Amino acid sequence: PSSRGRFSKLKAGMEAWLQDHKVPYAAPPALDSGFYADASHPLARGYKRLAETLAEQPFFATKAEDHP
């Protein structure tokens with residue numbers, strides 16, 4: 001739980017910076033603990049879930065040249 005809290009705070013800060021600087025990004029939510037081998041390394045099914053989540057993001061639905 002404390003790792004998730006630190007992660008959430010760090011992620012929020014990075015997202016705020018990216019938004020302030022108008023940098024397009026995709027930031028999937030943290031996975032449930034069952035998808036991790038340890039505190040920071042997803043299992044194969046965790047990587048699969050991350051890839052599926054990212055593939056659904058509008059950020060990846062457009063061509064790179066469509067982004068400033």
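**The pocket and its surroundings**

Modeller: The lining of the largest pocket divides into 9 nonpolar, 2 polar and 2 charged residues. Here Ala, Val, Leu, Ile, Met, Phe, Trp, Tyr, Cys and Pro count as nonpolar, Asp, Glu, Lys and Arg as charged, and the others, Gly among them, as polar. The model is predicted: local features need pLDDT of at least 70, side-chain atom pairs count only at pLDDT 80 or more, and totals for chains, interfaces and linings use all residues. Residues are numbered from 1 along each chain as its sequence is written, and side-chain values use heavy atoms, with hydrogens and water left out.

Colleague: Which helix gives the largest share of the lining of the largest pocket?

Modeller: Helices are DSSP runs (H or I, at least four residues), numbered from the N terminus. The largest share is 3 residues. They come from residues 2–20, which form helix 1.

Colleague: How far does helix 1 reach from its first C-alpha to its last?

Modeller: Helix 1 has 19 residues. The expected span is 1.5 Å times one less than the number of residues. That gives an expected 27 Å, and the helix comes close to it, reaching 27 Å.

Colleague: What share of the protein chain counts as buried?

Modeller: Buried means under 20% relative accessible area (1.4 Å probe, protein chains only). The chain has 68 residues. The share that counts as buried is 9%.

Colleague: What pattern does the protein chain follow along the sequence?

Modeller: The chain has 3 helices and 0 strands. Read along the sequence, the pattern is α-α-α.

Terms used:
Helix = DSSP H or I, 4+ residues; strand = E, 2+ residues; numbered from the N terminus. Buried < 20%, exposed > 50% of the residue type's maximum accessible area, 1.4 Å probe, protein only.
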